[in-house]
Amino acid sequence: MAQLSLWDTAAVVREEQAAISPSDPLIPDPEPHSQSRNPTAGPGSSPEPRAIVAALAFERAFRRLGIRGPLPDFQVEYRAFAGLRAAVRLRPERAVVRVSDLLADAAPAVIEALAEILLARLFRRHASPEARELYLAWNMTPDTRRRVEEARRARGRKRLLPPQGRNFDLESIFNDLNVRFFRGQLAVTRIGWSSAPSRTLLGHHDPAHGTITISRWFDLESVPHYVVEYLVYHEMLHIQYPTERSGHRRVVHSPAFREAERKFPSYDQACKQLKKMAGLKGGR
Ligand SMILES: [Zn+2]
């Protein structure tokens, strides 16, 4: 494994912005689509407790560094980045901090160390050796490395084939469904066919990249149009109903999601057809 250092950052550091991205310098910020952002960080939603705790850590670090001027109103958002990334951007009215959700479970001291490092960069100060060491130590633990790698794999850019397949055009299906069922409100950065014709991963919505992928297995003449439509519709519902959290549990298909799903005109037919195709015996 290549040694990763906090300091070999490729992130842009401008006067009003400081960022750390030690592991995935090639992966840019997720697109600012409101539907594709991490549901824990949506505008209008009240910040969760861990974000408030993190904001306090930034305030303490700001004071500790002896930075002159009024204390910014820190607003921390945890994002489903594809790597261990953190950035702070100073705006006139507040300081927006975007942190990888991989850091959400880190010890408070780690968050505070990160705050110190980011603010030191932003204000051209020196972070304490303690802060650097603490953050780097956390960064290099096997558990952190494993989770970063998992996130990179799961969230990194996927190879997507163009939406126009041999038999179906996913983009026109998406646009049609968008008008018919979503008032044209949903947006993706890309929709396309998977490079492999998977029989197990039929479709996928990636909120980090705002992409919808449909298994190329369905781009066959023998597949009814409504089946592909249904698959796209299902993935579109994932934009409409982002994964919720119930305690420590992730609710991917909420009751509201399932209810909306049953409104698809050929829902029963599509399910039957999918079961047939997949050779499934039981429920989905
Ligand atoms: Zn689903």
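Tutor: α2 passes α3 in a left-handed crossing, meaning that the near helix is turned anticlockwise from the far one by less than a right angle. Helices are DSSP runs of H or I, at least four residues, and strands are runs of E, at least two, numbered from the N terminus. This is a predicted model, where local features need pLDDT of at least 70, side-chain atom pairs count only at pLDDT 80 or more, and totals for chains, interfaces and linings use all residues. Residues are numbered from 1 along each chain as its sequence is written.

Student: Which residues of α2 and α3 meet?

Tutor: α2 contributes Ala109, Val110, Ala113, Leu114, Glu116 and Ile117, facing Ala131, Arg132, Leu134, Tyr135 and Trp138 of α3. By class, nine are nonpolar, none polar and two charged.

Student: Which residues touch the most other members of the largest nonpolar core?

Tutor: Nonpolar side chains tend to be buried together in soluble globular proteins. In this core of 36 residues, they are Phe58, Leu114, Ala115, Ile117, Leu118 and Leu119. Core members are buried (20 or more other C-beta atoms within 10 Å) and joined through C-beta atoms within 7 Å. α2 (108-122) is among the elements giving two or more residues, and α2 gives the most, nine.

Student: What does leucine 114 contact, leaving aside neighbours within four places in sequence?

Tutor: Leucine 114 is in contact (C-beta atoms within 7 Å) with Ala86, Leu103 and Tyr135.

Methods. A residue is buried if 20 or more other C-beta atoms lie within 10 Å of its own, exposed if 12 or fewer, and partly exposed in between; C-beta atoms are placed from the backbone. Two residues are in contact if their C-beta atoms, placed from the backbone, lie within 7 Å. Ala, Val, Leu, Ile, Met, Phe, Trp, Tyr, Cys and Pro count as nonpolar, Asp, Glu, Lys and Arg as charged, and the others, Gly among them, as polar.
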